[in-house]
Amino acid sequence: MQGSDVVGWDVVRWQGALPFAAVGHKARVAEVRKLCAAEAGLGIVGGWVAGNGLAAVVADTRKEIRCLLS
Ligand SMILES: Cc1cc2nc3c(=O)[nH]c(=O)nc-3n(C[C@H](O)[C@H](O)[C@H](O)COP(=O)(O)OP(=O)(O)OC[C@H]3O[C@@H](n4cnc5c(N)ncnc54)[C@H](O)[C@@H]3O)c2cc1C
């Protein structure tokens, strides 16, 4: 492949793709979880609370749903 073969390009910036980048994040998640637990029937899921990656998000979502249904 040569430079002349490239017909186009783009730069994609993924905003918020690394929710654990900030110091103190774990403590903030624990506080939000505590506040939500006080509201019956309220669950929160997603990368911000579970960590990056589908494995973390899916496992945490299953746990959250089990808690809501119990
Ligand atoms: C480029 C890239 C590659 C990745 N590759 C992998 C990989 O190979 N394997 C892996 O395990 N993980 C990968 N990840 C990480 C994974 O995608 C995330 O950890 C996961 O998708 C987070 O799930 P989420 O539900 O928190 O957020 P998202 O999947 O981003 O879902 C949030 C949803 O909320 C919607 N939304 C936002 N604001 C509003 C609003 N105001 N009202 C209504 N809807 C709204 C959005 O449209 C979106 O559909 C990748 C991430 C990126 C950015």
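This briefing walks you through the ligand site, a surface patch and one histidine of the structure above. Please keep in mind that the model is predicted.

**Around the ligand**
- Gly-47 brings a backbone N or O atom to 2.6 Å from an oxygen atom of the ligand.
- Gly-53 also takes part through its backbone, with a polar atom 2.8 Å from a ligand oxygen.
- For Leu-54, a polar backbone atom and an oxygen atom of the ligand are 2.7 Å apart.
- On its own, the ligand has 1000 Å² of accessible area, and the protein covers 26% of that.

**A nonpolar patch on the surface**
- Ile-65, Leu-68 and Leu-69 make up a nonpolar surface patch, and together they have about 310 Å² of accessible area.
- Leu-68, one of these residues, sits in helix α3, which spans residues 54–69.
- Leu-68 counts as partly exposed because its relative accessible area is 40%, a value between the cut-offs of 20% for buried and 50% for exposed.

**A buried histidine**
- His-25 belongs to helix α1, made of residues 25–37.
- With a relative accessible area of 5%, His-25 is buried, since buried means under 20%.
- From there, the side chain of His-25 reaches the backbone oxygen of Trp-48, at 2.6 Å.

Definitions and conventions:
Residues numbered from 1 in each chain as written. Predicted model: local features only at pLDDT ≥ 70, side-chain atom pairs only at ≥ 80, totals over all residues. Heavy atoms only, no water. Polar contact = N/O pair within 3.5 Å; in protein donor to acceptor, adjacent residues only side chain to side chain. Areas by Shrake-Rupley, 256 points an atom, 1.4 Å probe, with all protein chains shown as cover. Patch = residues over 30% accessible without salt bridge, like charges linked within 9 Å, V, L, I, M, F, W, Y side chains within 5 Å. Salt bridge = Lys/Arg side-chain N within 4 Å of Asp/Glu carboxyl O. Helix = DSSP H or I, 4+ residues; strand = E, 2+ residues; numbered from the N terminus. Buried < 20%, exposed > 50% of the residue type's maximum accessible area, 1.4 Å probe, protein only.
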